[in-house]
Amino acid sequence: MQPRIPRQSAHEHGIQRVDNDARLSDELASVVGGARRRAVRDRDRQIDTAHLLHSLLESDPEARAVLAEGPQIARLLGYLVQRSIGYGLRWQSGVEDSGAVPVVTEATGFSPLAAACMEEACERAAVRGGPARGTDLLAAIVADPQARAVEVLERAGIDPRQVLARLDGPPDITRECGEATH
């Protein structure tokens, strides 16, 4: 018996595999794979930051714990689930781009802003000396107020600046004091 809904590959949608990047932890590669599947299922042309956020919530307990607890997470997941049935339909006709990064001319599978967030996550991880984790990606996403994921977070009552502050932790007072005296 044939399935009623034909399967469509990510390649048919121009969403190429990028989760085999050695700079990504296994967990983050899984998040990217989940975001890719979601984009294909939603018939979106590219993986955007809302796809990545949704996949982070589902797959990464550390990133989920940083976001919020209780009703805020439920509300956030509700908005993300509604994306393909109305809330996000206005996004399908446009490309997510904050204008702060150069437009990607080659189809990488990510919106220009999501691609920039992936690069930022890898850069954050390089400073730490390890592969990029979900929290690195979450920090990169919430840092750009033009990200679709930020819009969803705000609608769910989650302040992206507070999320970023939790991810970055308290400032290093000894380092700041030392820098101020030089």
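Helix H6 is mostly covered, with nine of its nine residues buried. The model you are looking at is predicted, and its protein chain holds nine helices and zero strands. Of the 182 residues in the protein chain, 42% count as buried.

**H6 and what covers it**

- The buried residues of H6 are Gly134, Thr135, Asp136, Leu137, Leu138, Ala139, Ala140, Ile141 and Val142.

**How H6 meets H8**

- Two packed helices are described by the angle between their axes and the distance between the axes.
- For H6 (residues 134-142) and H8 (residues 160-168), the axes come within 9 Å and cross at roughly 145°.
- The crossing in which H6 passes H8 is left-handed.
- On the H6 side, the contact is made by Thr135, Leu138, Ala139 and Val142; on the H8 side, Pro160, Val163, Leu164 and Leu167 take part.
- By residue type, this contact of H6 with H8 divides into seven nonpolar, one polar and no charged.
- An α-helix has 3.6 residues a turn, so residues three or four places apart point the same way.

**A look at Gln162**

- Gln162 is found in helix H8.
- Is Gln162 buried, exposed or partly exposed? Gln162 counts as partly exposed because its relative accessibility is 47%.
- Gln162 and Val142 are 20 residues apart along the chain, and their C-alpha atoms are separated by 9.4 Å.

**How H2 meets H7**

- The axes of H2 (residues 49-59) and H7 (residues 148-155) come within 6 Å and cross at roughly 60°.
- That angle is why H2 is described as oblique to H7.
- Thr49, Ala50 and Leu53 are the H2 residues that meet H7, where their partners are Arg148, Ala149 and Leu153.
- The residues of this contact of H2 with H7 divide into four nonpolar, one polar and one charged.

**H7 and the residue just after it**

- Arg148, Ala149, Val150, Val152 and Leu153 are buried in H7.
- What do the buried residues of H7 pack against? They pack against H2, H3, H4, H6 and H8.
- Just after H7 comes Gly157, which takes a positive phi of about 85°.

**The nonpolar core**

- The largest nonpolar core has 44 residues.
- Leu52, Leu67, Leu76, Leu137 and Leu138 are the residues with the most contacts inside this core.
- The elements that give two or more residues to this core are H1 (26-41), H2, H3 (61-67), H4 (71-82), H5 (112-128), H6, H7 and H8.
- Which helix supplies the largest share of this core? H5 does, with eight residues.
- Leaving aside its neighbours within four places in sequence, Leu76 is in contact with Leu53, Leu57, Leu67, Val152, Leu153, Ala156 and Ile158.
- Two of these partners of Leu76, Val152 and Leu153, are among the buried residues of H7.
- Leu138 links two topics here: it is listed with the most contacts inside the core, and it also takes part in the contact of H6 with H8.

**The chain as a whole**

- From the N terminus on, the elements of the protein chain run α-α-α-α-α-α-α-α-α.
- Among contacts in the protein chain between residues at least 6 apart in sequence, 64% join residues at least 24 apart.

Notes
Residues are numbered from 1 along each chain as its sequence is written. This is a predicted model: local features need pLDDT of at least 70, side-chain atom pairs count only at pLDDT 80 or more; totals for chains, interfaces and linings use all residues. Side-chain values use heavy atoms; hydrogens and water are left out. Axes are lines fitted to C-alpha atoms, for helices over the stretch in contact, and angles run from 0 to 180 degrees between N-to-C directions. Helices (H or I, at least four residues) and strands (E, at least two) are DSSP runs, numbered from the N terminus. A crossing is left-handed if the near helix is turned anticlockwise from the far one by less than a right angle, and right-handed if clockwise. Contact means heavy atoms within 4.5 Å. Ala, Val, Leu, Ile, Met, Phe, Trp, Tyr, Cys and Pro count as nonpolar, Asp, Glu, Lys and Arg as charged, and the others, Gly among them, as polar. Angles under 35 degrees count as roughly parallel, over 145 as roughly antiparallel, 65 to 115 as roughly perpendicular and the rest as oblique. Buried means under 20% relative accessible area, exposed over 50%, partly exposed in between (1.4 Å probe, protein chains only). A nonpolar core is a set of buried Ala, Val, Leu, Ile, Met, Phe, Trp, Tyr and Cys residues joined through side-chain atoms within 4.5 Å.
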